[in-house]
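Subject: Structure for you to look through

Dear colleague,

Here is the structure that I promised to hand over, with the sequence beside it. Please open it first and keep it in view while you read my notes below.

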Amino acid sequence: MSIWEYANPVKFMRSSGAALPWIVGAAVICTVGGVAWGFLTPEDYRQGSTVKIVFLHVPAAMMAINIWVMMLVASLIWLIRRHHVSALAAKAAAPIGAVMTLIALATGAIWGQPMWGTWWEWDPRLTSFLILLLFYIGYIALWSAVEDADSAADLTGVLCLVGSVFALLSRYAVLFWNQGLHQGASLSVAPGERMSAIYRYPLYLSMLGFFLLFLALLLIRTRTEIRRRRLAALQAKEARA
Amino acid sequence: MIALLIRDLRLATRAGGGFGLAVAFFLILCALVPFGVGPDTSALRPIAPGILWLGALLACLLSLDRIFALDYEDGSLDLLATAPLPLEGVVAVKALAHWITTMLPLVVAAPLFGLLLHLPAQAVPWLIISLLIGTPAMSMLGAFGAAVTVGLRRGGLLLSLLVLPLYIPTLIFGTEVIRRGQEGGDPATPLLFLAGITTGVIALIPFAAAAALRINLR
């Protein structure tokens, strides 16, 4: 029993099909529960009710970065071991990641307007998220531009590798370029820097919900891609016959 | 390798090679900026380094698809791929030829166009140094983008979309060198970062670009 068994599309379809209803259910419960619980928390003494946007902003931002890392791992698996499910998973993850980045930017703007008095500021964190969005858009555009499926997977894989290096490089280059308005890490292990517990626990639940939501969407989209691939193969067979 | 370099240089300088177009584009851009922001020295001077770098970047972008597209169409890229010279070397030479024919004229012309934008005299050496160090990375990254999009019919816009985010670190450090040099600060730190990016790009990107070319030539 190893993880590579799931590289077999048949096995992947069977297992993911069985797990999907549970994951979707858990994702809905955790996301709705986390955001609703967050909505019911008392207002912050300085930020008022605007603090509640954190329950959307932080999980979306966390997923935006982690989805790119997942795409990088999936691309590496495809380039090294040629498992098609991996390439299709990377393809399926990209639009979800782009939407998560957009959610983080949009909620950040809505939060920033009353707090900082501006919708947008060229702060390192905001800037690097905008750059991340550009990388997502380029990656998705390359997938849709290349006609041959295997070439597209190869080219986007190479782009993902190069893009990861430059996304990281840009992250530190913008730190050099402008000092920021954004607060530091939202979740810190150091006591005293942490958020108070009434905000922390709904946030954990919401983060778990966003992760499960990503997992559910990823499985649905990957299954769609596999079915689309099968359909194309069937059509090609029919055209030959 | 040298033969390939000479061939590329010749193709670029002969009629129809588009040699000098990038400089003309650069000039137009620098001439248009004052119409956009007003002719005041106080308005132009602070943005001059940024405009010059952006102009060089955009002029570079326009010429990128020429790196591989023509050779791909007439089949000479297939010959180069089967030649004893490794494809990584071909990519490096092509990027070098692009740098000599497109970027080097821009570096030479930049101080002149800096006059149009009221760039202060003490910033000119830093402008030349930062462009000299930064532009090879732009040519090499452009060669990577051109290699990825070479087989596509409408690759031009996609090429810019893929390459421009990769230019961000170079642009940041390049303009920072001039800004610090102009204000009498210490430009060594951004200069070293810029040089580090360029050398890293020259060392590693040929492998990625050659891999992309092999996929497209399959």
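Leaving aside residues up to four places away in sequence, V91(B) touches A143(B), A147(B), P206(B), A209(B), A210(B) and L213(B), where two residues are in contact if their C-beta atoms, placed from the backbone, lie within 7 Å. V91(B) is also, together with A56(B), L141(B), F144(B), A147(B), A209(B) and A212(B), among the residues with the most contacts inside the largest nonpolar core, which has 137 residues. A nonpolar core here is a set of buried Ala, Val, Leu, Ile, Met, Phe, Trp, Tyr and Cys residues joined through C-beta atoms within 7 Å; a residue is buried if 20 or more other C-beta atoms lie within 10 Å of its own, exposed if 12 or fewer, and partly exposed in between.

Please keep in mind that this is a predicted model, in which local features need pLDDT of at least 70 and side-chain atom pairs count only at pLDDT 80 or more, while totals for chains, interfaces and linings use all residues. Residues are numbered from 1 along each chain as its sequence is written, and chains are lettered from A and ligands numbered from 1 in the order in which they are written.

Helices are DSSP runs of H or I with at least four residues, strands are runs of E with at least two, and both are numbered from the N terminus.

Turning to chain A, you will find six helices and zero strands, and 37% of its 241 residues count as buried. The C-alpha atoms of chain A fill a box of roughly 70 × 40 × 30 Å, taken along the principal axes.

Where the chains meet, the contact takes 23 residues from chain A and 19 residues from chain B. On the side of chain A that touches chain B, the largest share, 14 residues, comes from α5(A), and by class that side has 19 nonpolar, three polar and one charged residues.

Two backbone angles also deserve a look. Although R82(A) is not a glycine, it has a positive phi of about 55 degrees; R82(A) lies in the loop between α2 (54-81) and α3 (84-116) of chain A, and with 13 C-beta neighbours inside 10 Å it counts as partly exposed. In chain B, H118(B), again a residue other than glycine, has a positive phi near 60 degrees, and its place is in the loop between α6 (87-116) and α7 of that chain.

Best wishes

Key. Ala, Val, Leu, Ile, Met, Phe, Trp, Tyr, Cys and Pro count as nonpolar, Asp, Glu, Lys and Arg as charged, and the others, Gly among them, as polar.
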